[in-house]
Each structure stands twice: as C-alpha cells, then as structure tokens.
Amino acid sequence: PGHLVRTNYYIKHLYGNPATYSDPWKSPLARLIQLCGQLGDNDFFKHPAVRKTLELKWKGFGLAHFCMRQFWFVMLLFMFMVTIVGDPGGCQSEYDAARHLLFIMSVITLL
C-alpha cells in the first residue's frame with residue numbers, strides 16, 4: 001500500500017549502527033560488498049533488503065553530498081566561463097577579482 005516496501009528482513013543489521021561501526025568500510029554492508037566483489041557475484045544487489053538499505057543510505061547522506069559537489073563544480077564552470085571565455089585575452093581589469101576567485105576555487109578543488 002502506497003510507498004511502503006515489504007522486505008521482512010533485518011535491514012537494521014545490514015545497515016549497521018554508526019556508533020558501533022565508526023569506520024564505514026567495516027560495516028556489515030561493506031563487508032558483504034567486499035565478499036561478493038571477491039566472488040565476482042553482483043546478484044546480491046537485486047535482493048530487496050540490500051536494495052532498500054542502499055536506497056536509505058543514498059537518501060540519507062549520499063544524495064546531499066552528491067548535490068553539493070555538483071553545485072561546486074557548476075559554480076567553478078560558471079566562474080571559468082565568466083573569466084576566461086568572457087575575456088580570453090585577460091586584459092580587462094574588471095575580471096581580476098573573478099579570476100582570483102576562480103584560482104582560489106581551483107586550489108580548493110585540488111585539495
């Protein structure tokens with residue numbers, strides 16, 4: 001009914017408690033992914049409990065992190081277009097502040 005998904009599995013154990021597993025690569029889901037990667041079997045991603053767990057993790061923090069990074073790169077592209085494409089010769093002094101900002105943003109991106 002509605003948006004409810006019936007899995008009848010222990011998603012809580014698959015998801016892992018962040019207090020117990022401070023390193024995300026030691027969580028039960030990460031260990032399962034590593035084991036299946038070694039075996040070359042990707043069919044476990046089709047399991048309803050694994051799919052629901054990955055969906056919860058994506059919506060919980062993956063999507064927000066992805067959107068923030070994409071916003072950063074769009075702003076970097078915008079600054080590049082304004083400073084470099086808008087003044088290809090680099091002679092107009094009104095673009096100097098924007099060029100400095102572009103340089104700082106580029107250095108931050110590389111860190």
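**Entry 1**

I started with Lys59 and Glu55, which sit four residues apart in helix α3, a separation of about one helical turn. The model is predicted, so I kept in mind that side-chain atom pairs count only at pLDDT 80 or more. Lys59 and Glu55 form a salt bridge, with their closest N and O atoms 3.1 Å apart. I then looked up how open each residue is. Lys59 is exposed, at 57% relative accessible area. Glu55 is partly exposed, at 33%.

Next I checked Lys52. Its side chain meets that of Glu55 in a salt bridge of 3.8 Å, N to O. The cut-off is 4 Å from nitrogen to carboxyl oxygen, so this pair counts. Lys52 and Glu55 are three residues apart in helix α3, again about one helical turn.

**Entry 1: Arg99 and Asp96**

How many salt bridges does the structure hold? I noted four. One of them joins Arg99 to Asp96, the closest N and O atoms being 3.2 Å apart. Both residues lie in helix α4, which covers residues 96-110. They are three residues apart there, about one turn of the helix. Asp96 has 35% relative accessibility and counts as partly exposed. I also looked for shared partners. Salt bridges of that kind join Lys52, Glu55 and Lys59 into one network.

**Entry 2: the largest pocket**

I moved on to the largest pocket. Its volume is about 390 Å³. I counted 15 residues in its lining. Which of them are closest to the centre? They are Pro24, Ser27, Ala30, Lys57 and Phe61.

I then asked which helices supply the lining. Helices α2 (28-39) and α3 (48-85) each give at least two residues to it. Ten are nonpolar, four are polar and one is charged. Lys57 is a lining residue, and Lys counts as charged, so Lys57 is the one charged residue of the lining.

**Entry 3: a nonpolar surface patch**

I looked for nonpolar side chains on the surface. Leu77, Phe80, Met81, Ile84 and Val85 form a nonpolar patch there. Together they have about 440 Å² of accessible area. I took Met81 for a closer look. Met81 lies in helix α3. Is Met81 buried, partly exposed or exposed? At 42% relative accessible area, Met81 is partly exposed. Patch residues need over 30%, so Met81 passes that cut-off.

I looked up Asp43 next. Asp43 is found in the loop between α2 and α3. Its relative accessible area is 48%, so it is partly exposed. The cut-off for exposed is over 50%, which means Asp43 does not count as exposed. I also checked Asp43 against Tyr15. The two are 28 residues apart in sequence. In space they are 18 Å apart, C-alpha to C-alpha.

Where is Leu111 placed? I found Leu111 in the segment after α4. With a relative accessible area of 83%, Leu111 is exposed. I compared its position with that of Pro24, one of the residues closest to the centre of the largest pocket. Leu111 and Pro24 are 87 residues apart in sequence. Their C-alpha atoms are 22 Å apart in space.

Terms used
Residues numbered from 1 in each chain as written. Predicted model: local features only at pLDDT ≥ 70, side-chain atom pairs only at ≥ 80, totals over all residues. Heavy atoms only, no water. 1 Å grid on protein atoms, 1.4 Å probe; cavity = no way out; pocket = protein on both sides within 12 Å on 5 of 7 lines; lining within 4 Å. Points joined across faces, edges and corners; volume = space filled by probe spheres on them. Patch = residues over 30% accessible without salt bridge, like charges linked within 9 Å, V, L, I, M, F, W, Y side chains within 5 Å. Areas by Shrake-Rupley, 256 points an atom, 1.4 Å probe, with all protein chains shown as cover. Buried < 20%, exposed > 50% of the residue type's maximum accessible area, 1.4 Å probe, protein only.
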